Amino acid sequence: MDDNAEQQQPSTGDRAADGAPSYAVDQWAKALTTALAHHDAGTRRRAAERGSRWQAVLDGIREGRLTIGSRTPVPGLPVWVTPEVVRGGFVTGSASAAGPLLPHEQDTARRFGLPVTREALFAHHLTEPGLRELADLLDSGRYEVTVPEEAALLTVAWLARAGEVEGAVSLAGELAPHARELRFLPRPSAVRLGGAGNVSRRTVAEARESLGRRRPHDAVETQREALTVWNPFADRVLVHWLETTDVSGRVLERRPDERWYHAGAELVAEYRRLADAHTRCRKHRDPKGNLGILIGALQESVARRPLEPRRLGLLRTAVAAMVRRRGEPGSARHTALRREQAAQAALPSHHVFARLADHRLAGFPQEGGASDVAPLVADVSAREAREWDLPAGARLAAPVRRVVEGTLDAPLGTLVERGLVPSAEVLAELLPQLVAATTARTYAGDTLPALMAANYRAFRRRRSLLLLNLEHQVRVEELPWVKAVAGHRNDGPDGERAARELLRELGETAVRAFPGTLLPNVLVRELSVLARQADLGAPLVEELAADIFTGGFSPKFLTAARVAAELLGGTLYERYYGIDYAAVRNLAVLEASRNLLRSRPSRTSPEFDALCARRAGNPGSWSVAGNGKVIEQAQIITTHNLATLVGRVGVTPGAGSVPGPRNEPRAHGGGNEDGWAVLALRGFDLVCRLTARLDGPVRALATVKDAAYAWRQMLFHLSLTEPATRALVPDLLAEEAARRSARVAERLAPALAGLRLVADGGSFGADGTARDGAARRFLGWSTEAHWLLAPPRGASR
């Protein structure tokens, strides 16, 4: 296992691996409940499909057909086959490229007069006509690869045309045993494969699918019915009663005339018609509501029955309340209110805007993004207003506009600056498009680079398996068709330079845009690919799952710790967390020397394991919280990739203006500020926002951990600032906390006191506290109640 191998992946549950069947049962039960009880038919259908997949997982575990935690969990399927994976990394036992034949496969079989089977299609495409058809696809670039297996036969065709007949035959022979089940043909496409350099959050087709799912919103349409139907009707009923009562609800002495009775009967009949036709609102059906009281009294009156004293009292109260609340109908106050409500009700529904946006997108190539979204999000034209019954000049509703803007095909920096990349997770979703382009440039020829880029993008859609015992995920280099063309890859200086440049660009984008967020594993995975291509020796480590952690770290964690020691020795970061980076560096050197003498390098780093456990207080017996404390210490020592990105990749913050997501405020200051200080302040902004959420309905422990991670990243950035700037930061942070709210300032006071203590040359005790507990080291994981969640001062316990 090399230094960049992926370690065990995090699961989404809170159970250890030996509780996997229990976790699967829970997921199956949730899906079944949704499938039976949800009000939306589409949601019920998707939940039923999800439940079927979980049922397959449970059946496979019970019958011993699945080996959970292995790289080859399904007997008979080689490691390179893409398995169907559900939440948590569990496999269903099926392959993603299996299942019924797709329409394009059926069409191909009919076109060549073949049996409608995958085996027949596979055999046909090894003949001269079949290879010629595949070669034409390669030349046109009009194909899609949605799972990696769909690139296999195209690779056979490329090898055959390149004169590597032996390689083509060997690859076909490796694929043949699975030809009956798996889909090795690509999907035809109406447009060529996209170019390199640009990315988009979603294709035009994906945006249209999202827009097509939009339906009238029940709450919005209910309110619209209330404003346009029931409020005007209630006003007319009130005016009718005001002919016989005054505004205080007191009944006048004059008796109603025949005209009043006749108009009242018409109102009662109209009420019944409206109630039958407009069924969203329920308030008018309440006999104790104001309109219900007025209608009830009117029904008795038009029937010429005298109102009983109780009914009369309710009528007086309802009339008085309606007039008091909104004013008498026709008054200035009442007229202004109804005018405002009418304008609100006239606003078009989002689903109508979605239909218009879908119509605009229909004319664009569906398999890619849009180079210019301005015409797609333009205000409603006069022609569109007539066609879609929308106000001319109306602006697309914000939720609809965001979906359309997500199709923008542009450089990554443009998407970040426009706020289209709101999180590190979204950034990670986009990286395969860029890494694929860089990977493609290392291949020779005109058509092979595009094919390998399409294969890479499909491979990165492969979901990670739940792995145990320090196993690593399957890598793209292990696919037989990738190995078959490895000789045509140029891994020389040009390829390394391109990978290095992209790695630095992507690393800087992540650090600048999300200075308080851990790099998610999917992002680490893409950066690791580039690091290997660049031959930088940059050890990038994953976030490990506390619920399946077995106590051991792979050797690359100690290598990453050595990089951090070289960068941060003697800094505020080292002093704050009480790290002896000189000892860490010596430990890494000793471990490297031992590995040189071993015939087989160790799969773990026992000394590093022991160091992290010791710093975590040696939690002892297995527990999720105890595991979390150990993992957090590894993240602290290694800086969880920040030191590697800065020290080995060369990531810098830039000065002054640091781009960030549109929904995140920029830090203070102008263009001459220390860039690291800007990132530190923005990291603390996230600490404050997360702390403020603790007073709302959130998962408190998870929020505390995220706040501690943001605090750690803030300290990393702060430790790299200029000394003069760093001296000012503690006061700035205290002012920023006080500006938020008294409760945020109170919660963070111990952490800020701890930072000031260390900045002034002090240190924490062995328990991470000082000054009688007034100053604390901010950590996320705890086996006891976390101090950040303490009740407010003076609150009763």
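A residue counts as exposed when its relative accessible area is over 50%, and as buried when that value is under 20%. E209, with a relative accessible area of 51%, is therefore exposed. Keep those two cut-offs handy while you look around this predicted model. The chain has 797 residues, and 50% of them count as buried.

**The overall picture**

- The protein chain is built with 32 helices and six strands.
- If you follow the C-alpha trace along its principal axes, the chain spans about 110 × 85 × 55 Å.
- Take the contacts in the chain with a separation of 6 or more: 72% of them come from residues 24 or more positions apart.

**Nonpolar cores**

- The largest nonpolar core has 186 residues, and the members that touch the most others are F684, W711, L715 and F778.

**Salt bridges**

- The structure has 33 salt bridges, and here are a few to look up.
- R71 pairs with E478 through their side chains, at 2.7 Å from N to O.
- R71 sits in the loop between α2 (41–62) and β1 (83–86), while E478 sits in the loop between α19 (448–459) and α20 (480–484), so this pair ties together parts that are 407 residues apart in sequence.
- With a relative accessible area of 16%, R71 falls under the 20% cut-off and is therefore buried.
- R213 and E209 also form a salt bridge, with 3.6 Å from N to O, and this E209 is the exposed residue from the opening lines.
- R743 and D695 make another one, where the closest N and O atoms are 3.9 Å apart.
- That pair links distant parts of the chain, 48 residues apart: R743 belongs to helix α32 (residues 742–759), and D695 belongs to the loop between α29 (675–693) and α30 (700–719).
- R743 has a relative accessible area of 15%, so this residue is buried too.
- There is also a network: D685, R689, E736, R739 and R740 are joined by salt bridges that share partners.

**Cavities**

- Eight cavities have a volume of 30 Å³ or more.
- The largest cavity comes to about 120 Å³.
- The largest cavity is lined by 13 residues, and R462, R463, S464, Q473 and V474 are the closest to its centre.
- Sorted by class, the lining of the largest cavity has four nonpolar, three polar and six charged residues.

**The second largest pocket**

- The second largest pocket holds about 740 Å³ of space.
- Its lining has 27 residues, and those nearest the centre are A766, D767, G768, R777 and L779.
- Two elements, α24 (572–577) and α27 (624–638), each give two or more residues to the lining of this pocket.
- Which element gives the most to the lining of the second largest pocket? That is α27, with three residues.
- The lining of the second largest pocket splits into eight nonpolar, eleven polar and eight charged residues.

Definitions and conventions:
Residues are numbered from 1 along each chain as its sequence is written. This is a predicted model: local features need pLDDT of at least 70, side-chain atom pairs count only at pLDDT 80 or more; totals for chains, interfaces and linings use all residues. Side-chain values use heavy atoms; hydrogens and water are left out. On a 1 Å grid over the protein atoms alone, a cavity is a set of points where a 1.4 Å probe fits but cannot get out, and a pocket is an open set with protein on both sides within 12 Å along at least five of seven lines; lining residues have an atom within 4 Å of a point. Grid points are joined across faces, edges and corners, and a volume is the space filled by probe spheres set on the points. Ala, Val, Leu, Ile, Met, Phe, Trp, Tyr, Cys and Pro count as nonpolar, Asp, Glu, Lys and Arg as charged, and the others, Gly among them, as polar. A nonpolar core is a set of buried Ala, Val, Leu, Ile, Met, Phe, Trp, Tyr and Cys residues joined through side-chain atoms within 4.5 Å. Buried means under 20% relative accessible area, exposed over 50%, partly exposed in between (1.4 Å probe, protein chains only). A salt bridge is a side-chain nitrogen of Lys or Arg within 4 Å of a carboxyl oxygen of Asp or Glu. Helices (H or I, at least four residues) and strands (E, at least two) are DSSP runs, numbered from the N terminus. Contact means heavy atoms within 4.5 Å.
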